[in-house]
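Hi everyone, thanks for coming.

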Amino acid sequence: MNSHGRIDVAPADWEQVVSGLQREGFTLFDFITVVDRGSTLEVVARVVNPVARVPTMVWTTLPADAAELASLCSIYLGAAWCEREAAEMFGVVFIGLGDSRPLLLRASLGEPPMRKSSALVARAIRDWPGAAQSTDDGRQGGNPSRRRQLPPGVPEDFLRDEPLVSGTTGDER
Amino acid sequence: MIPAEAHGTIALRASACTSCMICVRECPTWCIDLVSHTEQVSEAGARRPKTVNVLDAFRIDFGLCMYCGICVDLCPFDALAWSPEHDHGATTAAGLVQGIKELEMAWPPTQPPTGN
C-alpha cells in the first residue's frame with residue numbers, strides 16, 4: 001500500500017485482497033465505482049478502518065469487452081447495491097452477486113449508459129448552442145465551409161442526417 | 001447576510017466578451033446561448049480593416065444552470081464572474097432566462113477577476 005492508501009490488484013486477487021483488508025480492521029465498506037478508460041474499465045472499492053479512521057482504495061483493471069469481477073457481497077453485504085449499480089451503469093458482471101436486477105433502467109436498454117461508448121441521445125436530438133458561429137449578417141447557421149462542430153458525447157455519425165424514428169429515442173427514457 | 005464572495009449568480013461584462021464561444025461549448029448543461037456577428041473595423045495606420053465579433057445576444061438559462069462556474073473559470077477575457085446577487089425568482093421557466101441586461105446588472109462582481 002502506498003502513502004495515498006491505494007492498492008492495485010489483479011482482477012483474480014480482488015476478492016482475496018479485500019477480504020484480507022476486512023480482517024485487518026477495514027470493516028466499513030464505503031463504495032464501489034468504475035472509471036471508463038476506453039479499452040479498459042478500472043474498478044475501485046473504498047473501505048475504511050473505522051477505529052484508526054484510515055481509508056484505503058483497492059483498484060483493479062478489467063478489459064472493457066469482458067468486464068467480469070468477483071462480487072464482494074460475501075465480505076460486505078452492502079457492496080451488493082454498488083455492484084448492482086456498477087453492473088447497470090458500466091456493464092461490469094459481478095460473479096456471485098445474487099440479485100443483479102437493474103436499479104433504475106429497463107434491462108432491455110442496451111449499452112450501459114455510463115460507458116463512454118454510449119451516445120448521449122438527449123444531446124444528439126437537441127441543437128447544440130456551441131455549434132453557432134458568428135455570421136456576417138447576424139444570422140445563426142455559420143459558414144458552411146467550416147467543419148461543423150459536434151458536441152462532446154455524441155459520435156460523429158450518430159442520428160445525423162437521418163430522420164428520427166419514433167420509439168427509438170427520447171420516449172424510451 | 002450574504003458574504004460578498006458568495007456564488008449567487010453569474011454576471012456578464014458584455015464589453016469584455018469577444019464572442020469566442022468557449023463558455024457556450026464548455027457548459028455541461030448547455031445553458032448558455034450566444035448570438036454574434038462580425039464587423040469590419042478600420043484602424044488608423046492599419047493596412048486592411050480588422051474583422052471583429054460583435055455580441056448581439058448572450059443568454060443564460062438559470063433553469064438549466066447548475067452553478068458549476070466552468071464558464072467563469074474558462075473565460076479568457078474575464079467577461080464572466082461570480083456575483084453575490086441571487087435574485088432568480090420567476091413565475092415561469094422562461095423567466096429564468098437572463099439576457100445581457102440582467103446579467104450585466106449583477107456586475108461588478110465583488111471579487112476582482114483573477115489575473116488582474
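**Starting from one valine**

Let's start with Val92(A), which touches Val34(A), Leu41(A), Leu62(A), Ala67(A), Ala86(A) and Ala87(A), leaving aside residues up to four places away in sequence. By contact I mean heavy atoms within 4.5 Å.

A quick word on the ground rules. This is a predicted model, where local features need pLDDT of at least 70, side-chain atom pairs count only at pLDDT 80 or more, and totals for chains, interfaces and linings use all residues. Residues are numbered from 1 along each chain as its sequence is written, chains are lettered from A and ligands numbered from 1 in the order in which they are written, and side-chain values use heavy atoms, with hydrogens and water left out.

Okay, back to that valine. Val92(A) is among the residues with the most contacts inside the largest nonpolar core, together with Trp14(A), Ile32(A), Leu72(A) and Tyr76(A), and this core has 30 residues. A nonpolar core here is a set of buried Ala, Val, Leu, Ile, Met, Phe, Trp, Tyr and Cys residues joined through side-chain atoms within 4.5 Å. Buried means under 20% relative accessible area, exposed means over 50%, and partly exposed is in between, using a 1.4 Å probe and protein chains only.

The largest share, five residues, comes from α2(A). Those labels are DSSP runs numbered from the N terminus: helices are H or I with at least four residues, strands are E with at least two. Apart from this core lies another one, of 25 residues, including Cys23(B), Phe58(B), Cys75(B) and Leu103(B).

Now the charged pairs. How many salt bridges does a search of the whole structure find over all chains? There are seven, counting a side-chain nitrogen of Lys or Arg within 4 Å of a carboxyl oxygen of Asp or Glu. One of them joins Arg46(A) and Asp30(A), with the closest N and O atoms 2.5 Å apart. Arg46(A) sits in strand β3 of chain A and Asp30(A) in strand β2 of chain A, so the pair ties together parts 16 residues apart in sequence. Arg46(A) is partly exposed at 24%, and Asp30(A) is partly exposed too, at 34%.

Then there's Asp99(A), which bridges to Arg84(A) with closest N and O atoms 3.6 Å apart. Asp99(A) is in the loop between β6 (93-95) and α3 (121-124) of chain A, while Arg84(A) is in helix α2 of chain A, 15 residues apart. Asp99(A) also bridges to Arg101(A), at 2.8 Å. Is each of these buried or exposed? Arg84(A) is buried at 14%, Asp99(A) is partly exposed at 29%, and Arg101(A) is exposed at 54%. Through shared partners, Arg84(A), Asp99(A) and Arg101(A) join into one network.

Over to chain B. Three of its strands form an open antiparallel sheet, in the order β2-β3-β5, where pairing needs at least two DSSP bridges between two strands. β2 (32-41) and β5 (97-98) of chain B are at the edges with a single partner strand each, so one side of each has no neighbour in the sheet. Asp61(B) has Val97(B) as its bridge partner in β5(B).

Met21(B) is buried, at 6%.
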